[in-house]
Amino acid sequence: MKQTPRQAPGRTLPTSGEDIRTGLSPAALARALADNLHYVQARVPEVATRNDWYMALAYTVRDRLLDRWIKTVQGILTSKDMKAVCYLSAEFLIGPQLGNNLINLGIYDAAKDAVGRLGLDLDELLAQEEEPGLGNGGLGRLAACFMDSLSTLEIVAIGYGIRYEFGIFDQEIRDGWQVELTDKWLRLGNPWELPRPEIAFDVKLGGRTEPYRDEQGRQRVRWIPDRVVKGVAYDTPVTGYRVPTTNLLRLWKAEACESFDFTAFSTGDYFGAVHEKVTSETISKVLYPNDEPYAGKQLRLAQQYFFVSCSLRDMIRLQLMTKKGLDQFHERFAVQLNDTHPSIAVAELMRLLVDEHQMDWDRAWTITQKTFAYTNHTLLPEALEKWPLPLFAGQLPRHLEIIYEINRRFLDGVRSTYPGDDQRLARLSIIDESGDKYVRMAHLASVGSHAINGVAALHTDLLKKTVLHDFYELWPEKFHNVTNGVTPRRWMVLSNPKLASLITTRIGDRWVSHLEEELRCLEPLADDTAFQREWRAVKAENKRALAAVIKDRAGLVVDPDSLFDIQVKRLHEYKRQHLNILHVVTLYNRLKAGRGAAVTPRTVIFGGKAAPGYVMAKLIIKLINAVAEVVNRDPAVSDSLKVVFFPDFNVTNGQSVYPAADLSEQISTAGKEASGTGNMKFSMNGALTVGTLDGANVEIREAVGPENFFLFGLTAEGVDDLKARGYQPRSYYESNPELREALDLIGSGHFSNGDRDLFRPLVDSLLTRDEYLLLADYQSYMECQDRVSRAFRDQKAWTRMSILNVARMGQFSSDRSIREYCSDIWQVKPIPGERGASGS
């Protein structure tokens, strides 16, 4: 590849006067790219690999991010009363960074031009990037969307988490089974992060405590650990959409305080010489270790405390740098706990203030409660974290003492409000004493926070009625709803550029950062024949692109003209992927029996990962693949029905999947899904939803209109009522011929080469327990899917519904979510000054 003529090293381009580090023109970017290949990658173009060019381009973009970040910091330093949001999350599923940063900087086309001048293809460089393995699903993706929106809205923010060396596993499908492979996302380096070895904290674990008296004679407690791990900061800039503000994602890597024992090495103990290094680094080694074994629980608790301790001490460091005391800590920082994983922060801030900074308890508790707010993400009691008391005491002995004291004072207050109500005391207590004793982390977060929020209107309502009912009765003023949202920058502009371009040609580009205000301008176009034609052309092109990916990844040819019926999400029984596959088996039976004359050709696409220890979820994956194998090779049905399991679903793959969907499957049992965000991504890209009244589906249906949403199934109240009356799943099986035929076919071994035992645990579970009411909702789901088939055959009406879905999804932007957090919970305001001053 021929290199462009080079100048002597220097920062200024004589032709345009643009700074080579900050210039945004194609010429400036091309020059910077060549310089970074030379000076950072140390490569000449003739031998540079695609990864060399990707890294050089990433460093070119990062320079522009860092320039904005430095200016953001300078602006913060000149504003004495600026309050920052600190978002504590065990996951940040940020996705590939290059494309998103090009979009937000407003230089996507310029970068395409620049790399073209050097004989490169931008799409190939984008495809080179490894996806950061820093999250598992909706929780981490929400955190990433929120960081994007915080920057776009110019709210000062730091995201705090863990720099996992190995993230969520890579998924392969072998013989229909999920196989987990190590996610080596850092193997070729990460050009977006900046190591900060000077920002490091020693984190104590284990050991014991002892009382002592300080110089003033006050009773104090000293924690004497049996092990200390060092947390080192790694920073990633997060820029907003065409605004100057750039915030920070600060992730912590665990290291040994002393990584090499020279004495042990000299005496021949080579393993002992690096033992502390190996043990310490385990903490940030992998996302969500299997916590079934005791050692896994220990590691997971250590992970949570490790990143929380580093983060809070970093905030204290920043506060003390301002020359202000810790009495004003809560005025400088609004700390959001993203689910229960970081809730140990309540006890840790108390420890830091009382033990390390000698603050009296009452003042420290006031600051702690004013600092924290807690987001609950689950209605499943088993998903509310609690730690066995002996395990907790072994890892965090001082924190257990602090929690006991928090709990004592809290329960004293409850007794005064509800005298004699011992059952209420037991339900509210942070310590579960109903059997084996546990520390209940959701209770700790609820007691230690000034605000508690759910993530969809239904979810918040159910929180108040179920898992946090007693807290709601005690403190109704603490409870808020902030419905989740997703960023349109990644999930529309980057993922679906053709649709974004079509929308922009008709209503301008302001919608990208003002979705709620502007997207409704599409509504009058829903009946415009020419616009409908263009809309269908975009969808058809996206479907052809996904069909090509499916052929490459799964070796299967699918028809882009068929209805693309898609369910991609984490595998869990309550999400009911097995209800979807029951529908597939029913369609298969109809086609084989000659009852499928009216069947609309469908390609049913599944994707998602099962937790490594979740046996039933992995069996569902096997069933999907087993059904796919039979259906796809049967010439009698394959023209009308195809089944695909899309392996290793992640952010990167989602960017291909969401824009291509005709139908979005949001079919969880009503009352089980907190919100969902995949439902929003599908709808924003023009898919119609088939779903229950669960999570944010309720609000999506209200927004897009009931006539543009395919509703089925029991309501949350109906689920509770049916269970209260004594649910008998077998009665549904016996009374419904198609359901019986589908389950019998699975049980007969038809999809398992005659092996009747393979899927027996799944079939038996449905017939005897059916905890998530598949059989109760089966007939309603089948009838709803028949309505979908009929509707899809009328492409004009379907397109109209698709346009209206997009036009009415503005309220589901994460920008709206963040505005609500800012006004209702955090009480923070944007950086003062003129917005949108650069990058446009």
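## Aromatic rings and charges over them

Lys681 lies over the face of Trp491, 4.6 Å from the ring centre, where a charge counts as sitting over a ring if NZ of Lys or CZ of Arg is within 6 Å of the ring centre and within 35 degrees of the ring normal. In the case of Tyr418, the charged end of Arg424 sits over the ring, 3.9 Å from its centre.

This is a predicted model, in which local features need pLDDT of at least 70 and side-chain atom pairs count only at pLDDT 80 or more, while totals for chains, interfaces and linings use all residues. Residues are numbered from 1 along each chain as its sequence is written, and side-chain values use heavy atoms, with hydrogens and water left out.

The structure holds 22 aromatic pairs, a pair being rings of Phe, Tyr and Trp (its six-membered ring) whose centres lie within 6.5 Å, with planes under 30 degrees apart counted as stacked, over 60 as edge-to-face and the rest as tilted. Two of these pairs involve Phe410, as the table sets out.

| Pair | Type | Centre to centre | Between the planes |
|---|---|---|---|
| Phe410 and Phe471 | stacked | 6.1 Å | 10° |
| Phe410 and Trp475 | tilted | 5.5 Å | 40° |
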